[in-house]
Amino acid sequence: MTQVLERPVRARERAGHGHPWLTLLAVALGVMMVGLDATVVAIANPAIAREFGASLSGLQWVTNAYLLALAVTLIPAGKIADRFGRRRTFLAGVVGFAVSSVLIGLSGGLGAVIFWRVVQGFAGALLQPASLAILRNTFPAERLNTAIGVWGATLGVSIAGGPIVAGLLVENVSWESVFFVNAPLGLVALAVGMWVIRESRDDDARGAFDLAGVALLTGALFALVWGLIRAGEDGFGAGVPRVSFAVAVVLFAAFVWQERRVERPLLPLSLFRSVSLSAATGLIVLGFFAMFGTIFFITLYLQQVHGMSPVDAGVRLLPMTAVFIVASPIAGVLTNRFGPRVPLALGMAFTAVALFGLSRAGVSAPYVELWPWFVLMGLAFGMVIVAGTEAIVGNAPPRLAGVAGGLQQTASQVGGVLGTSVLGVLLSGRVGDVLFGRLTDAGVPDAAAQRLAGQEGLVSQGVAPVPPGTPEPAADAITAGSHQAFMDGFQASLTVAAAVAAVAVLAALFVRRGSSPVEGAAAV
């Protein structure tokens, strides 16, 4: 079991030191930086592209570099927190995230932006698993769900406010100011954290570090995420994604072999003897698959098809993101009362219904037809993320809280990349199939439609490829046909996502509350 490190008497008697709710405040401030970063970058990207003359692929790496660095280091970072101290690791992550954010804003070129985004991803990997591990080792079992609910609500506040804050800053200050916002948040989180967070670590983790396991898992996750990113650009049948996935399978197999033979594994495979933990990990992947994939395409729909500004689109998404703030504590209460099974099953069922409803939207759908599904999506995501997180972190031994936090965060990142890449491939594939027909149906002559049919990459982003100087009637026809083709792809991808969410309801039935403080702890 985890033992709280002995501290000098003066430190133990310091006012507020080790106080659960003050500790939650410090953790929430750190997590808020990460939540803001999840949405502000998308708003800042067009301004970054204009300033540095970035290509689409170069701009994508502003996001993908962060995702790669984060995904491949989350579980090792959780192990580092367990071994060297969760407080120390969390505070290092806060400092690294804030400093790298400032340096992104001070960058003089796209390459520097991407480099510091990589550093920011490493810092986020230190911060996030340690935050959950600190909560796991600070709150008693009967209060843990409530704490995770507040943690989730804080994440929701920052995600919800991110597009609006970023839109206002980009339009009225500069794109650099979007990243500078993290500096004051980081300073406050560091000051509060140094004062109140009590150190904890896994005393059994001392000794040899599983460097081979770190290398194999990092390589496997890199190959997986790299393959997903490239599949989103080139399709799953392209050479690079296929090779990447094959490498990932080989490295994952080698990792399992390595973890079964070492005395102190990076990721004890016996954790997965808990059916609840395993099922909850899969549900976190599916929850982020649905949420991030939906936000990505809904944002394109609102801005490109409906012509909204970034701020207007962010405001329209508030029913989805703001409800997540309310849903998180509700999910904590439901988990306390019924265990994680009920909110997880409800969350995935709500997700399926909301996605199916959104998949029926047309090109000119009025907002009144969209916002009820946004509300349902926000409610669903809050339930899945809070109950799923509790099932993962709460069903792992306290001494492995950092590893469990890393597992939860890795599942969420992989789910987010899956959502944008898989649904993106489905959308672009459908657009390519129907674009010529939709253009001709809208009145574009066959010869012109044939030339424009190769622009499915732009149309898949909701952009109408109207050539400069095109007469207004022809431009209107191209726009109508392109937007209809985009909506065909939009509807197809969300229908598939709805079906996946419906099947996931069955997986939620396998999740239960541990019969002891940690289900399966004795087996680890």
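Where is the place of Ser 493? Ser 493 lies in helix 19, with helices taken as DSSP runs of H or I of at least four residues, strands as runs of E of at least two, both numbered from the N terminus.

## Basis of the model

This is a predicted model, in which local features need pLDDT of at least 70 and side-chain atom pairs count only at pLDDT 80 or more, while totals for chains, interfaces and linings use all residues. Residues are numbered from 1 along each chain as its sequence is written, and side-chain values use heavy atoms, with hydrogens and water left out.

## Confidence

The average pLDDT (the predictor's confidence in each residue, from 0 to 100) is 80 for the protein, and 90% of the residues score at least 70. Residues 1–12 have a pLDDT below 50, and this stretch has 22 contacts in the model beyond near neighbours in sequence; a contact means heavy atoms within 4.5 Å. Residues 515–524 also stay under 50, and for them the model has 22 contacts beyond four places in sequence. Where pLDDT is low, the predicted coordinates should not be read in detail.

## Overall fold

The secondary structure comprises 19 helices and two strands. Of the 524 residues, 55% count as buried, the classes being buried under 20% relative accessible area, exposed over 50% and partly exposed in between (1.4 Å probe, protein chains only). Among contacts with a separation of 6 or more, 84% join residues 24 or more positions apart.

The accessible surface comes to about 20,100 Å², and carbon and sulfur atoms hold 66% of it. Accessible areas come from the Shrake-Rupley method with a 1.4 Å probe; for residues, only the protein chains shown count as cover.

## Buried helices and residues

Helix 15 covers residues 371–394, which is 24 residues. From first C-alpha to last it reaches 34 Å, close to the 34 Å expected at 1.5 Å a residue, where the expected span is 1.5 Å times one less than the number of residues. Helix 15 is largely enclosed by the rest of the structure, because 19 of its 24 residues are buried.

Leu 228 sits in helix 9 (residues 211–234) and is buried, with a relative accessible area of 3%. Apart from neighbours within four places in sequence, Leu 228 contacts Phe 236, Phe 245, Val 417, Leu 418 and Ser 421. Leu 228 and Leu 418 are 190 residues apart in sequence, yet their C-alpha atoms are 6.6 Å apart in space.

Ser 493 counts as buried because its relative accessibility is 0%. Leaving aside neighbours within four places in sequence, Ser 493 is in contact with Leu 423, Leu 426 and Leu 427.

A search of the whole structure finds one salt bridge, defined as a side-chain nitrogen of Lys or Arg within 4 Å of a carboxyl oxygen of Asp or Glu. The side chains of Asp 488 and Arg 438 form a salt bridge at 2.7 Å, N to O. This pair links distant parts of the chain, with Asp 488 in helix 19 and Arg 438 in helix 16 (residues 401–441), 50 residues apart. Asp 488 is buried at 7% relative accessibility, whereas Arg 438 is partly exposed at 28%.

## Nonpolar surface patch

Val 275, Val 503, Leu 506, Leu 509 and Phe 510 make up a nonpolar patch on the surface, together having about 510 Å² of accessible area. Patches consist of residues with over 30% relative accessible area and no salt bridge, with like charges joined within 9 Å and nonpolar side chains (Val, Leu, Ile, Met, Phe, Trp, Tyr) within 5 Å. Leu 509 lies in the segment after helix 19 (472–508) and is partly exposed, with a relative accessible area of 46%.
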